[in-house]
Amino acid sequence: MASSSSSSSSCINQEVFLSFRGEDTRETFTSHLFHTLCQKKVRTFMDENIEKGKKISTNLLNAVIEGSKISVIIFSKHYADSNWCLDELVKVLECKKLNGQTVIPVFYQVHPSDVRKQTGSFGKGFEESKKIFQKMPEKVQNWRVALTEASYLSGHESTKFRNDATLIDIIVKDVLKKLEDLTISTDFNGLVGIHSRIEKVKSLLCIESSDSQIVGIWGMGGIGKTTLAKTIFKRHSSDFEGKIFVENVREKSEKGGRLELLQKEILSELLNEKNVKSGSNIPQFTNQRLQRLKVLIVLEDVNRLDQLEYLVGGLDQFD
């Protein structure tokens, strides 16, 4: 049986939905994660209150997923053994695409590449599920696409932490920060039509594409340009391997040498390291590293073309 929380309709509007393989982590990792989230007063959905041998209805499960702000997918060794889990995953990613739901993958004792390519012990489970549904190739293909997409999302790997306690602490902090950001991003102070603008800018970003895109937002002051940019950044930053939001570019660039400092800040954040060389001649290897990353850069209050050209270098390093 797969995973989630109580079957009552009062649980539909939860903040966090947990998808996991019960036999792998129900009484260990997922249980500890669930209770830690609850201790932090985060409304979290997990199926611990369902009587043994019973399943939550598909309709209620879908309503729970749709009503959640964040879904945490715990990929473990036998996750793909369960068509129930795989169907959950497809539904979660559907909500991500349609509703902007935040998705956090956790790779628990499995590697992201095994999830991505359905290999290793994880792949063996997927093969079993595939055999059962061999007469439904479209369903199996949907599972494959969902696993591949989820494996590329920014998440957490258990192998990078010394113990589960540390991993859970990091995940909970991540969830709390994202929930805080989501709360801020939904407070639009009565800005008319901003939801349609969000969808318009999102479509222009072509998030699923591997091509570089530049999208400009302009207009008179007070119409919500910064709010719009911040909301999109917060909702979709998990789709990128590197991301940075640079505020007050016009003000900062007026100070001597500040553009180079801003460029250095951007490169350091994207590459996750200090003392990156910047300036007009960025090292070729730095450019090559950037080309391997999918990044999101937001420059707020740009008022000159040379600022854009200097800070992103005509996008040559991002092609």
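## Close-up views of aromatic pairs and helix contacts

With a relative accessibility of 0%, W143 counts as buried (under 20% relative accessible area is buried, over 50% exposed and in between partly exposed, for a 1.4 Å probe and protein chains only). The views show a predicted model, in which local features need pLDDT of at least 70 and side-chain atom pairs count only at pLDDT 80 or more, while totals for chains, interfaces and linings use all residues. Residues are numbered from 1 along each chain as its sequence is written, and side-chain values use heavy atoms, with hydrogens and water left out.

**View 1. The aromatic pair of F75 and F122, one of 8 aromatic pairs in the structure.** The two rings are 6.1 Å apart, centre to centre, with 75° between their planes, and form an edge-to-face pair (rings of Phe, Tyr and Trp, the last by its six-membered ring, pair if their centres lie within 6.5 Å, and planes under 30 degrees apart count as stacked, over 60 as edge-to-face and the rest as tilted). Distant parts of the chain are linked by this pair, since F75 belongs to strand 3 (residues 70–75) and F122 to helix 6 (residues 120–132), 47 residues apart (helices, H or I of at least four residues, and strands, E of at least two, are DSSP runs numbered from the N terminus). F75 counts as buried at 0% relative accessibility, and F122 counts as buried at 1%.

**View 2. The aromatic pair of F126 and W143.** With ring centres 6.5 Å apart and planes at 75°, F126 and W143 form an edge-to-face pair. This pair, too, links distant parts of the chain, with F126 in helix 6 and W143 in helix 7 (residues 137–151), 17 residues apart. F126 has a relative accessibility of 0% and counts as buried.

**View 3. The ring cluster of F75, Y79, F107 and F122.** Ring pairs join these four residues into a cluster, in which F75 and F122 form the edge-to-face pair of the opening view.

**View 4. The packing of helix 6 against helix 7.** The two helices pack at an angle of about 160°, with their axes 11 Å apart (axes are lines fitted to C-alpha atoms, for helices over the stretch in contact, and angles run from 0 to 180 degrees between N-to-C directions). Helix 6 is therefore roughly antiparallel to helix 7 (under 35 degrees counts as roughly parallel, over 145 as roughly antiparallel, 65 to 115 as roughly perpendicular and the rest as oblique). From helix 6, F122, F126, E127, S129 and K130 meet V140, W143, R144 and L147 of helix 7 (contact means heavy atoms within 4.5 Å). By class, this contact comprises 5 nonpolar, 1 polar and 3 charged residues (Ala, Val, Leu, Ile, Met, Phe, Trp, Tyr, Cys and Pro count as nonpolar, Asp, Glu, Lys and Arg as charged, and the others, Gly among them, as polar).

**View 5. The packing of helix 12 (residues 258–271) against helix 13 (residues 284–291).** Their axes lie 11 Å apart at an angle of about 55°, and the two helices are therefore oblique to each other. L267, L270 and L271 of helix 12 make the contact with T286, R289 and L290 of helix 13, a set that divides into 4 nonpolar, 1 polar and 1 charged. L261 also lies in helix 12 and, at 44% relative accessibility, counts as partly exposed.
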